[in-house]
Amino acid sequence: MTAVYAGSFDPFTNGHLYVLTQSLKIFERVYLVIARHPSKQRRFSPTLAQQSIQQIISDLNLSRRVSVAIHDELTIDFARSKKALFLIRGLRNNTDYDCEEKLAAYNLEHGAIETIYFRAGPHAATSSSHVIKLFQQGKDISSLVPPATLALMQNHPCP
């Protein structure tokens, strides 16, 4: 079975990685999709994010089961093109759940694609924005992001 895990992943955190590895316990193949949202300004280009995430996937020997893509359109359109019947979403808290439920209802109604939620695990309290803020304050974030994400952040400081 195939699933799609879409998000901005700006940057990709250990919470994102936890959700991905949990989803691989259920799905044979996962497409991790860097989605571009027109109203969100990215800190890192989608191409840099893709390269960093591909390095993480490679370091973990998951390349045969995980593909990293960039997509500008609706996630359900990407999922349909890959014949995926499930979308994966990570949850940190009730606010995430409330927001995700609206998207899940839309995706089910308009794309016949079910959404499966995974808790962000031990990293649930850490958002990408929080990681950026800590990094900009000179804090050690090595326990919050995979090594390739840390390298991305060190080599391409955000504005």
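## Ser67 in strand β3

Let's start with S67, a residue of strand β3, which covers residues 66-71. The model you are looking at is predicted, so treat every value here as computed from it. Is S67 buried or exposed? Its relative accessible area is 19%, and because buried means under 20%, S67 counts as buried.

What does the side chain of S67 make a polar contact with? The partner is the side chain of R29, at 2.2 Å.

## Two helices side by side: α2 and α6

Now find helix α2, residues 46-59, and helix α6, residues 147-155. Their axes come within 8 Å and cross at roughly 150 degrees. Angles over 145 degrees count as roughly antiparallel, and α2 and α6 therefore fall into that class. The crossing of these two helices, α2 and α6, is right-handed.

Which residues meet here? From α2 come L48, S52, Q55 and I56, and from α6 come A148, T149 and L152. Sorted by class, this contact of α2 with α6 has four nonpolar and three polar residues, and no charged ones.

## Another partner for α6: helix α5

Helix α6 also has a crossing with helix α5, residues 128-136. The axes of α5 and α6 come within 12 Å, and the crossing angle is roughly 55 degrees. The helices α5 and α6 are therefore oblique to each other. As α5 passes α6, the crossing is right-handed.

You can trace this contact through V131, I132 and F135 on the α5 side and L150, M153 and Q154 on the α6 side. By class, the residues of this contact of α5 with α6 are five nonpolar and one polar, with no charged residue.

## The loop between β1 and α1

Next, look at the loop between β1 (2-7) and α1 (14-23), where P11 has its place. A cis peptide bond joins D10 and P11, with omega at about 10 degrees. F9 lies in the loop between β1 and α1 too, and F9 has a positive phi of about 45 degrees although it is not a glycine.

How accessible is F9? With a relative accessibility of 3%, F9 counts as buried. T13 also sits in the loop between β1 and α1, and T13 counts as buried at 2% relative accessibility. Leaving aside neighbours within four places in sequence, T13 is in contact with S128, V131, L144, V145 and P146. One of these, V131, is a residue of α5 that takes part in the contact with α6 described above.

N61 belongs to the loop between α2 and β3. Phi of N61 is near 55 degrees, a positive value in a residue other than glycine. Is N61 buried or exposed? Its relative accessibility is 71%, and because exposed means over 50%, N61 counts as exposed.

L74 has its place in the loop between β3 and α3 (75-81). At 45% relative accessibility, L74 counts as partly exposed. How far is L74 from A35 in sequence and in space? The two residues are 39 residues apart in sequence and 8.5 Å apart in space, going from C-alpha to C-alpha.

## Ala79 in helix α3

A79 is part of helix α3. With a relative accessibility of 0%, A79 counts as buried. Which residues is A79 in contact with, leaving aside its neighbours within four places in sequence? They are V4, A84, L87 and I113.

Technical notes
Residues numbered from 1 in each chain as written. Predicted model: local features only at pLDDT ≥ 70, side-chain atom pairs only at ≥ 80, totals over all residues. Heavy atoms only, no water. Helix = DSSP H or I, 4+ residues; strand = E, 2+ residues; numbered from the N terminus. Buried < 20%, exposed > 50% of the residue type's maximum accessible area, 1.4 Å probe, protein only. Polar contact = N/O pair within 3.5 Å; in protein donor to acceptor, adjacent residues only side chain to side chain. Axes fitted to C-alpha atoms, helices over the stretch in contact; angles between N-to-C directions. Parallel < 35°, antiparallel > 145°, perpendicular 65-115°, else oblique. Left-handed = near helix turned anticlockwise from the far one by under 90°. Contact = heavy atoms within 4.5 Å. Nonpolar A, V, L, I, M, F, W, Y, C, P; charged D, E, K, R; others polar.
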